[in-house]
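Take a walk through the model below, one region at a time. Keep the sequence open beside the coordinates.

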Amino acid sequence: MTAGLSGEEAARRLGEYGANVVARERRTPVWRRVLQQLRDPLIVVLLVAAVLTLTTGDFPDASVILLVITVNTVAGVVQEVRAERAVAALTALSAPTARVIRDGGECSVPAAHVVPGDLVLLGEGDIVPADGEVVDAALLLVDESALAGESVPVEKTTGADRPPSTVSADAVSADTVSADTVSAGTVVVRGRGRVQVTGTGPDSALGRIAALMGTAPGLTPLQRRLARFGRVLAAVTVALCAVVLALGLVRGQPVELMVVAAISLAVAAVPESLPAVVTLALALGARRMAERHAIVRRLPAVETLGSVTVLATDKTGTLTEGRMAAERLWTPQGEATVSGIGYDPEGRVTRDGHPVTVNDAPDLAALLRASMLCNDAALEPPSDGDGRWRAMGDPTEAALLAAGARLGLDRAALERELPRADEIPFDSARKRMTTVHRVPGGGMRVVCKGAPEVMLRSPVLTDPLDVRTLAAVQAEELARDGYRVLAIASADHDETRLQSPDAWESGLSLLGLVGILDPPRATSRTTVTACQHAGITPVLITGDHPLTARAVAARAGIVAREDEVTTGMRIRQGTAGPLTASRVYARTTPDQKLDIVQAWRASKQVVAMTGDGVNDGPALRRADIGVAMGQRGTEVARQAADLVLADDNLATVVAAVEEGRRVYANVRRFLLYALAGGTAEILVMLLGPFLGMPLPLLPAQILWINLLTHGLPGVAMGAEPVAPGTMRQPPRAPEESVLGAGLWPRILAMGIFVTGVTLAAGVWARETGRPWQSMMFLILGATQLGVALGSRARPGSLANPFLLLAVGTALALQVAGVYLPPLRALLGTEPLPPVDLAIAGALSGLGHVVMRAQRRLFPARPPGTHPAPGPAPG
């Protein structure tokens, strides 16, 4: 074993097992992506409309439709190509080279050439190239947070050295990496070791996660709604236009004229600006999100956020700060709390609500002085302009250094005063670390820190039983609150007594306990509360310990402290019950995270998943929307996500949800406006003949109205601001139609109103000898523009000046169609006298008045029919 593999055997195994690389997804050709975009039902309707407009010679309208199709298709293809980088990022995470033993000697080989059976050498800072078993370890500490979700590095030992586990079966998962194995992609924080490789490439931890990430994301809620809408619209439009054609032919109208009229009506009924409205609304939403430090990688994700009903969040670095903090101090004289930001030495220690210093609290000073002496970590000052202090070495020990500095202790001065003379390093069997320091004037000071269960007993401590019992009770309470607890003790002895290391860890006096935790972010609780007010259910999914997960979730407001936690072991054993019954999941593996996300989706929920680790990548892909951390997150998580939070602030998700709801509201606003106009045009053509008007509007007139009303004004609606109170409403039901929540009746009501005004004006003009067709043409278009103004989210403001400009331009062109000779010849209109123009203007203004009145009297039902998940069982 010490000689490693021979070069010949390594080459043979490389041929047998393949290279130690993550398999890449097969690229989808661009032409296939284009076809997938064109298969969208709404795009198919637009393609048919483009063909029909070309047959009628309406080249301007056909050009507009084809431009909309082209822009929509190109945008979709570009977004999909960017998403292909997810698995490629796993390769970047892998170690480029590895140190192995071959033919009895050490050599460096490309990580891709590592094979099962290789003996790999690991040192501080190395990226583990493959999965393996630890065969030799010296203080080996590995950061597995990206893969397993552990908030602290894990000590690695050989199987023979590993102590029996004292943790309950419910607290761990069988898939959690054990103390005598390492996984590809993890990082050595401290120490050195030798590992025998057991899995490479697709058989490694990274390879298994890459396989899970092969699941492609499905359609967004808006895409599903618009697909259903497109199919219904196509069927209804064809049926109504067939009726118009049949009625015209029955009344003796020329076949060619009625065919052209029916085609023109079909084109007018299709809201061809809808994809443009959606694209503009999404693009504006993406820009607004970028201003709030949220980077949108997939444009439809903007709207999906507005549909979210469940927010599944990771713990480490997402709900929490992603660093360790010594928050709670206990001594036999009392308790204290430590506050500060990150590892910054600036902060304070408070007792009974008042800040204390070294001179105010000698017991706390002794406790933290000892914790700084028995410590191998260091704090690195800010170096790259971000103002953040960083931990060098074990983050737990770095947290102790920060706590001591916040009380006013100077580590450099301590080490000069009490230089270290000897030590017994920490190991998992003893669960403690001991250092020996020279005391000025003679003698030695022994400082020991470790787990309470090995420290709070005789002969380690000489304290009375009641003190040790009190400390044990306090340690248990801190552990239940999710803290990692360290007991610290010390004693001064003469050198003769300490000649044997066996005597160092006995006869000590307890200084106190320190509770260490990866603390929740300051904004976590307000973010969770904002989600709950918006009808979104937050859940926590982590690979960390159940007690830690529950404590963080309780502090963030996700659950109560007594609520049940579902573990990965119980999920595997089938004893967890319905996965959607819990709000906190601990010790979960990447495939279990996938199962949890899928269970919520199967229960008709729209799931947003946040995460930052490699282990979060598959769930980020499977969720309706994946949200990754931009600073602390791995490249794998960022590439798998739809949305990247550049500031790592979960509160940004709430702002993004508001933006998504704005997008969906603007889509519905446009549909109300466009379909009400289309309904009016169809009803005018259907009912006009019964009122003595054989052909109420010419085909060219229908297409002109359609071009003006569905053009700039329709697109400008995508820029409308968010309506007040949006985030106090529950999310809409995922299965709800885009025309649901009372929109259909409003469309019909406004369509009937516009029809009534247009036909009434036409009948009056015809009976009084006026140019009735021109008057109907002008009123039908101008009244729809009045409806557009009445649809504004914030009337009376300049929140969206583009809409005002677009309506003004369209109205000017509509009037020009009656007065400019070239347009009159094209449209077949006649000029109206000033009195008639004034009458038409007054009638058209009713569109704005009635639309505003309708919104006040019959507001759209809030999309609150979706059954939000109930509280988790306690």
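The paragraphs below go from a single residue to its strand, then to a sheet, its helices and the cores.

This is a predicted model, in which local features need pLDDT of at least 70, side-chain atom pairs count only at pLDDT 80 or more, and totals for chains, interfaces and linings use all residues. Residues are numbered from 1 along each chain as its sequence is written, and side-chain values use heavy atoms, with hydrogens and water left out.

Start at Asp131. Asp131 is found in strand S4 (residues 131–143). Helices (H or I, at least four residues) and strands (E, at least two) are DSSP runs, numbered from the N terminus. Is Asp131 buried or exposed? Its relative accessible area is 7%, so Asp131 is buried. Buried means under 20% relative accessible area, exposed over 50%, and partly exposed in between, with a 1.4 Å probe and protein chains only.

Now look around Asp131. Beyond its neighbours within four places in sequence, its contacts include Val182, Ser183, Ala184, Gln196 and Arg208. Contact here means heavy atoms within 4.5 Å. A polar atom of the Asp131 side chain lies 2.8 Å from the backbone nitrogen of Ala184. Leu206 is 75 residues away along the chain, yet its C-alpha atom is 9.0 Å from that of Asp131.

Next, follow strand S4 itself. Strands of a sheet pair through backbone hydrogen bonds, either parallel or antiparallel. Two strands count as paired if DSSP finds at least two bridges between them. S4 runs antiparallel to strand S7 (residues 187–199), joined by 10 bridges. Here Glu133 stands opposite Gln196. Strand S6 (residues 181–182) also pairs with S4 in the antiparallel sense, over two bridges. In that pairing Gly132 faces Val182. Strand S5 (residues 154–156) is joined to S4 by three bridges, again antiparallel. Leu141 stands opposite Glu155 there.

Move on to another part of the chain. An open sheet of nine strands has the order S13-S12-S11-S10-S20-S19-S18-S17-S16, with antiparallel pairing. Which strands stand at the edges? They are S13 (354–356) and S16 (420–427); each has a single partner strand, so one side of each is left without a neighbour in the sheet. Neighbouring strands of this sheet are turned by 25° against each other on average, direction ignored. Inside the order, S18 (residues 444–450) and S19 (residues 484–493) run antiparallel, with seven bridges between them. Val447 has Ser490 as its bridge partner in S19.

Two helices lie across strands of this sheet. Helix H13 (residues 362–373) runs at about 130° to S10 (325–331). Helix H17 (residues 465–480) lies across S10, S11, S19 and S20, at about 5° to S20. Axes are lines fitted to C-alpha atoms, for helices over the stretch in contact, and angles run from 0 to 180 degrees between N-to-C directions.

Finally, turn to the cores. A nonpolar core is a set of buried Ala, Val, Leu, Ile, Met, Phe, Trp, Tyr and Cys residues joined through side-chain atoms within 4.5 Å. The largest has 99 residues, and Leu697 is one of those with the most contacts inside it. Helix H24 (residues 651–687) gives the most to this core, with 19 residues. Apart from it lies another core of 35 residues, including Leu329 and Met433.

Leu697 touches Met776, Phe777 and Leu780, among others beyond four places in sequence. Helix H28 covers residues 772–790. In H28, 17 of the 19 residues are buried, so the helix is largely enclosed by the rest of the structure.

Conventions:
Polar contact = N/O pair within 3.5 Å; in protein donor to acceptor, adjacent residues only side chain to side chain. Expected span 1.5 Å × (residues − 1).
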